[in-house]
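Subject: Structure for your review

Dear colleague,

I am handing over the structure below, followed by notes on what turned up when I went through it. Please read the notes with the coordinates open beside you.

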Amino acid sequence: MKKIRQIFGIRHEERWVALAILLLLVALNAMVIARYYDLFTPLRASYWPTFVKNFYISGFDPITYDVVSEWSAKYNVYRHPLLAFFMFIPYLVNQGLMWLTGINCAVFVVAAMLVVSAFYSFLFLRRICCDVVGVSNTDASLLSFFFFSFAYVMISASVPDHFIMSMMMLLLALWLSGRKMVSGRQMTIWQTVVLFVMTAGISLNNGVKIFLSALFANGRRFFRPKYLAFAVLIPAALMWLFARWEYKVYVWPQEKARKELKAKRNAEKKARDYQALADSMGSGNKARLDSVFKVQQNRKMWAKYRADHKQPWNMHAGKPISKGEFMRWTDISTPRWDSMVENWFGESLQLHRQNLLEDTLRSRPVIIRYQWVVSYVVEALVVLLFVLGIVAGWRKRFLWLVMSYFGFDLLLHVGLGFGLNEVYIMTAHWAFAIPIATAYLLKGLRKDYLKYVRALLLVLTVYLLVYNVCLFGRYLLG
């Protein structure tokens, strides 16, 4: 219990900044609740059609609203193997609130989870800057607010998706492994397993980052047979086997039923079309009737194919490396440089005013240019701080752990193209590398230069907070 209190207890010097970030997070979530309260709180026989039809904030999905409303393994089980089970207690809480209030309280239950996850993400980042990097409390607080001024960090903290929960676990893992690196201690098997289960259970690919933390913290001892077997290989294999079991038990029966129903409806429609053609032509010459019907069906299929390929969900998906189970999510056609400028370091940090928070699979173009030169200046300054921070902390092992997290996402999204067409929604998985690197810059600067960099950080933080909150508020409440 003492260790739990050390992790989740609020330190004396954190109280005022904790209150400030809490107020911001509550305000952001209150705006989302206000937007969807009338639509999402009435009790219904089935909630998914209402959620998926009406929820529209960038490329985020309302799956969590649905799982908390009527529990099912609705997430992609290979990407989020334990997330549905993590949502079972919130689902039970919501069921109790439904019984008490007569409305669906999913928007409130999910908002509470998001606020808690984002709140501790802020504290864990602040502690990384203080305990591991070694900057002052003031600088750590400034860097943490700087991070939460990023557009898709604050948005992730208020939408019903998994990203902010993933971010909390990643920052917790970095803080704990960073402390061990500072003290010269190792990550134990059970610590590694717990962090892996919690992190990979939410988002499987992020489980790799826990192993990176263990590698940097333990060094050569990571490769000891006992540790490698019980902390890495066996947990990874069990997680994968669980995902396969989950698919077989929960997902495949529903998919099979949907496919059978779709095939039945298609057959019924085909029979009706055939009968309608027979009524119009007469059934005297069956061979000719069959030939005309075949031509008619081929024309319809070709017309549907052409229409589908003009839809945003198809045009913006990018060309995959192959059509395999996982490689179909890759993308080799979306331009990398434009994606880095406008989306990775662009939309992730500051929203584009055009096509504000639209979804690339519905209406948003993949690449949008900023209309203001100042937007590119702000982006360039943030990237400059990031690069200078990397240079300043070049010899620090912990920074290279953070950069290994960043590099893994860079390879996954920019190299292979996973989710590249909407890469900004993954901001919470990697953007903490920017303030952590900048912390090394602050720590290494002479006092006469430090005040100027602090002033720049403060200006950037205030600008991004005001700019992004105003646009987000206009989108939700305007």
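Ser-58 is buried, because its relative accessible area is 1%, and that value falls below the 20% under which a residue counts as buried. Please keep in mind throughout that this is a predicted model. The residue sits in the loop that runs between α3 (48-54) and α4, and Ser-58 has a positive phi of about 55° although it is not a glycine.

Leu-357 lies in the loop between α16 and α17, and at 1% relative accessibility it counts as buried. A positive phi is also found just after α18, where Gly-417 takes a value of about 90°.

His-80 is in the loop between α4 (63-69) and α5 (83-86), and with a relative accessibility of 9% it counts as buried. Its side chain reaches the backbone oxygen of Ile-202 at 2.7 Å, and, once neighbours within four places in sequence are left aside, His-80 is in contact with Tyr-75, His-162, Gly-201, Ile-202 and Ser-203. His-80 and Asn-205 stand 125 residues apart in sequence, while their C-alpha atoms are 9.0 Å apart in space.

The other histidine, His-413, lies in helix α18 and is buried, with a relative accessible area of 5%. The side chain of His-413 reaches the backbone oxygen of Phe-418 at 2.7 Å, and, again leaving aside neighbours within four places in sequence, the contacts of His-413 are Trp-344, Phe-418, Leu-420, Val-423 and Met-426.

The crossing of α18 and α19 is left-handed. On the α18 side, Phe-398, Leu-399, Val-402 and Phe-406 meet Ala-433, Ile-436, Ala-437 and Tyr-440 of α19, and the residues of this contact divide into 8 nonpolar, no polar and no charged.

Helix α19 also packs with α8 (residues 137-148), at an angle of about 150° and with the axes 9 Å apart. These helices, α8 and α19, are therefore roughly antiparallel to each other, and α8 passes α19 in a right-handed crossing. Asp-139, Leu-143, Phe-146 and Phe-147 in α8 meet Ile-434, Pro-435, Thr-438, Ala-439 and Leu-442 in α19, and the residues of this contact divide into 7 nonpolar, 1 polar and 1 charged.

With kind regards

How values were computed. Residues are numbered from 1 along each chain as its sequence is written. This is a predicted model: local features need pLDDT of at least 70, side-chain atom pairs count only at pLDDT 80 or more; totals for chains, interfaces and linings use all residues. Side-chain values use heavy atoms; hydrogens and water are left out. Helices (H or I, at least four residues) and strands (E, at least two) are DSSP runs, numbered from the N terminus. Buried means under 20% relative accessible area, exposed over 50%, partly exposed in between (1.4 Å probe, protein chains only). Contact means heavy atoms within 4.5 Å. A polar contact is a pair of N or O atoms within 3.5 Å; within protein, one must be able to donate a hydrogen and the other to accept it, and residues adjacent in sequence count only if both atoms are side-chain atoms. A crossing is left-handed if the near helix is turned anticlockwise from the far one by less than a right angle, and right-handed if clockwise. Ala, Val, Leu, Ile, Met, Phe, Trp, Tyr, Cys and Pro count as nonpolar, Asp, Glu, Lys and Arg as charged, and the others, Gly among them, as polar. Axes are lines fitted to C-alpha atoms, for helices over the stretch in contact, and angles run from 0 to 180 degrees between N-to-C directions. Angles under 35 degrees count as roughly parallel, over 145 as roughly antiparallel, 65 to 115 as roughly perpendicular and the rest as oblique.
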